[in-house]
Amino acid sequence: MALALQTFATVKDANAALKSPGNRYLGGGTLVVRAANEGDVSVSSLVRSTDPSLFTIAVGGGKARIGASVTMAAIARHPDLSSLVRAARAVGGPAVRNMATVGGNLFAPAPYGDFAVALLALDATVSTDGGETPIETFLAGRDSDRAIVTSVGFALPPQGGFRFLKVSRVKPKGVSVLSIAAVLGLAGDGTVSSARIALGCMADRPMRARAAEKALIGQSLTKGGIASALAAAGEGTSPITDPIASAWYRNEVLPVHLGRLLLT
């Protein structure tokens, strides 16, 4: 079945077109085109927008705003987003990174969506024509929300404050066993004053490791200091089982890799 392609100059017009049954939004195409190629008959027409704001990266005043159609490759080479290079390069190989977008990554099901894990740790907000939504709220309702994401915004982490790790069996571009992102704040004595830890593949979408975050507060980033956080890392998780790894295996290796990330 041939797919129709509709192009609109504004996000508003593209949003209106998505109200028709069978219409799906086309960003980089790494999700929706694959679905169509694999026989998803619910997709009859692709909708896209050439609105310039979707392709813009704005950095200033300690904050960043990234258009939803910005690719992983563009993020990886942007001089003011160096802290996110590892997370952007975790998405597929070079060909995929040239197409995969920020907006699309927010909708990627586990074991994909590694960049969304980073955005969750960064406490990003997700913007649509209807306004801004905290990323946790957005991720929880993403299956029923058909509004086009226009951008994501977040405060730039301090130097060394953001950490990211992707664990895969195949190097350098294998699918995730799990991914972990953390934003840590340190007090003057070197103890953890604030922590946001996000996990990928430990549920059907990126999630916070709240018990581990709580256990880190007031602790030093030493083997003994992080022990309670590692013990709590799996609380509230519901890891996926897929051809890459079982839920049991993901639960077992999570504390190991979280420990490595925290002690980096």
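## The four-stranded sheet

Four strands make up an open sheet in the order E9-E10-E11-E12, with antiparallel pairing. Helices (H or I, at least four residues) and strands (E, at least two) are DSSP runs, numbered from the N terminus, and two strands pair if DSSP finds at least two bridges between them. The edges are strand E9 (162-168) and strand E12 (207-208), each of which pairs on one side only. Strand E11 (residues 192-200) runs antiparallel to E12, and two bridges join them. Leu199 stands opposite Met207 in E12.

This is a predicted model: local features need pLDDT of at least 70 and side-chain atom pairs count only at pLDDT 80 or more, while totals for chains, interfaces and linings use all residues. Residues are numbered from 1 along each chain as its sequence is written, and side-chain values use heavy atoms, with hydrogens and water left out.

## Helices across the sheet

Helix H7 (residues 114-121) lies across E9, strand E10 (176-186), E11 and E12, and runs at about 20° to E10. Axes are lines fitted to C-alpha atoms, for helices over the stretch in contact, and angles run from 0 to 180 degrees between N-to-C directions. Contact means heavy atoms within 4.5 Å. Helix H11 (residues 247-262) lies across E9, E10 and E11, at about 35° to E10.

Arg169 lies over the face of Tyr249, at 4.8 Å from the ring centre. The criterion for a charge over a ring is that NZ of Lys or CZ of Arg is within 6 Å of the ring centre and within 35 degrees of the ring normal.

## Nonpolar cores

The largest nonpolar core has 45 residues, and those with the most contacts inside it are Ile75, Val102, Leu106, Phe115, Leu119 and Phe162. Such a core is a set of buried Ala, Val, Leu, Ile, Met, Phe, Trp, Tyr and Cys residues joined through side-chain atoms within 4.5 Å. Buried means under 20% relative accessible area, exposed over 50%, and partly exposed in between (1.4 Å probe, protein chains only).

Leaving aside neighbours within four places in sequence, Val102 is in contact with Ile66, Gly67, Ala68, Val70, Met72, Ile75, Phe115, Leu119 and Val152. Another core, of 28 residues, lies apart from the largest one; among its members are Leu178, Ala203, Ala215 and Leu261.

## The parallel sheet

Three strands form an open sheet in the order E1-E3-E2, and here the pairing is parallel. Strand E1 (4-8) and strand E2 (23-25) are the edge strands, each pairing on one side only. From one strand to the next, the twist averages 30°. E2 and strand E3 (residues 45-49) pair over three bridges in the parallel sense, and Asn23 stands opposite Ser45 in E3.

Strand E6 (residues 125-128) and strand E7 (residues 131-134) run antiparallel and are joined by four bridges. They form a hairpin with two residues between them. The bridge partner of Thr125 in E7 is Pro134. E6 also pairs with strand E8 (residues 151-155), in the antiparallel sense and over three bridges. In E8, Val152 is the bridge partner of Val126. Val152 is also one of the contacts of Val102.

## The aromatic pair

The structure holds one aromatic pair. Phe107 and Phe138 form this pair, which is edge-to-face, with 5.4 Å centre to centre and 80° between the planes. Rings of Phe, Tyr and Trp (its six-membered ring) pair if their centres lie within 6.5 Å; planes under 30 degrees apart count as stacked, over 60 as edge-to-face and the rest as tilted.

The pair links distant parts of the chain, 31 residues apart: Phe107 is in helix H6 (residues 102-107) and Phe138 is in helix H8 (residues 135-141). Phe107 counts as partly exposed because its relative accessibility is 29%. Phe138, with a relative accessible area of 5%, is buried.

## Two single residues

Ser69 is placed in the loop between strand E5 (63-67) and helix H3 (72-76). Its relative accessibility is 10%, so Ser69 counts as buried. Beyond its neighbours within four places in sequence, Ser69 is in contact with Tyr25, Leu54, Phe55 and Thr101.

Ala231 is in helix H10 (residues 227-232). With a relative accessible area of 67%, Ala231 is exposed. Ala231 and Glu252 are 21 residues apart in sequence and 11 Å apart in space, C-alpha to C-alpha.
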